[in-house]
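Trainee: I am new to this structure. Please take one part and go through it closely, then show me what else deserves a look.

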Amino acid sequence: MSYVDEVIERVTRENSNEPEFLQAVNEVLESLRPVIEANEAKFKRDALLERLVNPERQFKFRVPWVDDKGNVQVNTGYRVQFNSAIGPYKGGIRLHPSVNIGIIKFLGFEQIFKNSLTGLPIGGGKGGSDFDPKGKSDREVMAFCQSFMTELSKYIGPDQDVPAGDIGTGAREIGYMFGQYKRIRGQFEGVLTGKGLNYGGSLARTEATGYGLLYITEEMLKSHNIDISGKTAVVSGSGNVAIYAIEKAHQLGAKVLTASDSTGWVYDPDGIDVEALKEIKEVNRARLTEYKKYRPNSEYHEGKGVWQIKADIALPCATQNELDIEDAKTLVANGVIAVAEGANMPTTEEATKYLIENGIFFLPGKAANAGGVATSALEMSQNSERRSWSFEKVDSNLQNIMATLYHNIDDAAKRYGFEGNYVVGANIAGFEKVVDAMNAQGIV
């Protein structure tokens, strides 16, 4: 049995109740086979893969808080510090009822390679809780965030672990967490990213993941002599990533036809109205059922279905495993040319394989949505300098990072005989930097 197979078998046995984590590990290790086989004796001797797939440390803690009726509620909090070989742990905090240790480990493992791909000195980590901010008052959200940070503050710091936002954790939540951290530690420091502009945040951070997704998609298409202008796109999601992916797509001359949330989706043949979407989701925190009030010509549908709309480009920006094999078959049948992941692992393993086998340009999330964490690292740089950069400077840096990232994964795929397979290219390019650092630092 090969070393890769040994490790996959062991991880499967030891984490059998964590399907998302197993899916991520399997996808990464399978695509790393050519690199690992070329160094198998050394990697096996040093238990390199065992160290890679096991977090350096992980925390699980109780989060008690009081609701508006005076009742005590209890949630579970998590932080997984996965790998610090190239820098302090960096990864978001996800607040959603589906959160469990397996999902946090999957996200943290993916973050190792995503952060490496940015070219910036940040390691991989992730955190979150099964708390649901939807339907909660501002006071209830504050009560939860303060309780959550009271425990989390013991394990984080600007040179140790720098969390950020994620699903359910926006500017409001980051603000409450930062305030509590400062209160407990008595220090004003760059311990969280995604902060407000008045207290250490970065311009362009809100837009960064969605904009970065389009920058790398545009660069990939350009390398194949395809102009993104004039193309149509389908997008899932209506959160931060989806909104700004739609906005940038329109700026680049493409037309986005769909958006979705947890209850349904909209199809707008005239192109999604970004300002309406922002008002519904960012201002009113409402459902997409409201969209038709702004655009009478649009259609609202319950459930899922954005992938059935014919388009050139598909951008899954909602959550993990939202695009399955049947969706992939529909996209291929409808003539899609590119799929780029705005969310973390939104395409199932089977669907990913099908898309690649059918010649679709497929950009995995660890590359395609790295713009968010890249700009978070730029926020860390600004915090260290005690300076604030202009929107144009941050955006220019982001464009350069995403263009360079594309060419690095493209080159890695070509070097190992997998030209055009950006999943393999992203995993290899991310892995090479991390493994060099791990080897240099000894058995730790």
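Mentor: Start with helix α11, residues 274-283, where V274, A276, L277, K278, I280 and K281 are buried. Keep in mind that this is a predicted model. What lies over them? The cover for the buried residues of α11 includes α10 (240-251), β8 (258-260) and α12 (291-294).

Now look at the two ends of α11. At its start, D273 points a side-chain oxygen at the backbone nitrogen of E275, and the two atoms come to within 3.1 Å. Just after the helix comes R285, with a positive phi of about 50 degrees.

Next, turn to charge pairing. Side chains of opposite charge can pair when their charged atoms come close. A search of the whole structure turns up 28 salt bridges. Take K105 and E18, one of these pairs, whose side chains meet at 2.8 Å, N to O. This pair links distant parts of the chain: K105 sits in helix α6, while E18 sits in the loop between α1 (3-14) and α2 (19-31), and 87 residues separate them. Both K105 and E18 are buried.

Stay with helix α6, which spans residues 101-117 and also holds E110. Is E110 buried or exposed? E110 counts as buried, because its relative accessibility is 5%, and the cut-off for buried is under 20%. Leaving aside residues up to four places away in sequence, E110 touches A24, E27, V28 and K366.

K366 pairs with E110, and their closest N and O atoms are 3.2 Å apart. K366 belongs to helix α15 (residues 365-368) and E110 to helix α6, so the bridge ties together parts that lie 256 residues apart in sequence. K366 is buried too, with a relative accessible area of 2%.

Compare that with K154 and E151. They form a salt bridge as well, with the closest N and O atoms 2.8 Å apart. Here the two partners fall on opposite sides of the cut-offs. K154 counts as exposed, because its relative accessibility is 55% and exposed means over 50%. E151 is buried, with a relative accessible area of 18%. Salt bridges can also join into a network, as they do for D5, E30 and R33.

Now the surface. V66, V72 and V74 form a nonpolar patch there, and together they have about 260 Å² of accessible area. One of the three, V74, lies in strand β2, residues 72-83. V74 is exposed, with a relative accessible area of 53%.

Last, the cysteines. How many disulfides does a search of the whole structure find? It finds zero. C145 is buried, with a relative accessible area of 0%. C317 is also buried, at 8%.

Find D273 at the start of the helix, then R285 just after it. Then find α10, β8 and α12, which are part of their cover.

Key: Residues are numbered from 1 along each chain as its sequence is written. This is a predicted model: local features need pLDDT of at least 70, side-chain atom pairs count only at pLDDT 80 or more; totals for chains, interfaces and linings use all residues. Side-chain values use heavy atoms; hydrogens and water are left out. Patches are made of residues with over 30% relative accessible area and no salt bridge: like charges are joined within 9 Å, nonpolar side chains (Val, Leu, Ile, Met, Phe, Trp, Tyr) within 5 Å. Accessible areas come from the Shrake-Rupley method with a 1.4 Å probe; for residues, only the protein chains shown count as cover. A salt bridge is a side-chain nitrogen of Lys or Arg within 4 Å of a carboxyl oxygen of Asp or Glu. Helices (H or I, at least four residues) and strands (E, at least two) are DSSP runs, numbered from the N terminus. Buried means under 20% relative accessible area, exposed over 50%, partly exposed in between (1.4 Å probe, protein chains only). A disulfide is a pair of cysteine sulfur atoms within 2.5 Å. Contact means heavy atoms within 4.5 Å. A polar contact is a pair of N or O atoms within 3.5 Å; within protein, one must be able to donate a hydrogen and the other to accept it, and residues adjacent in sequence count only if both atoms are side-chain atoms.
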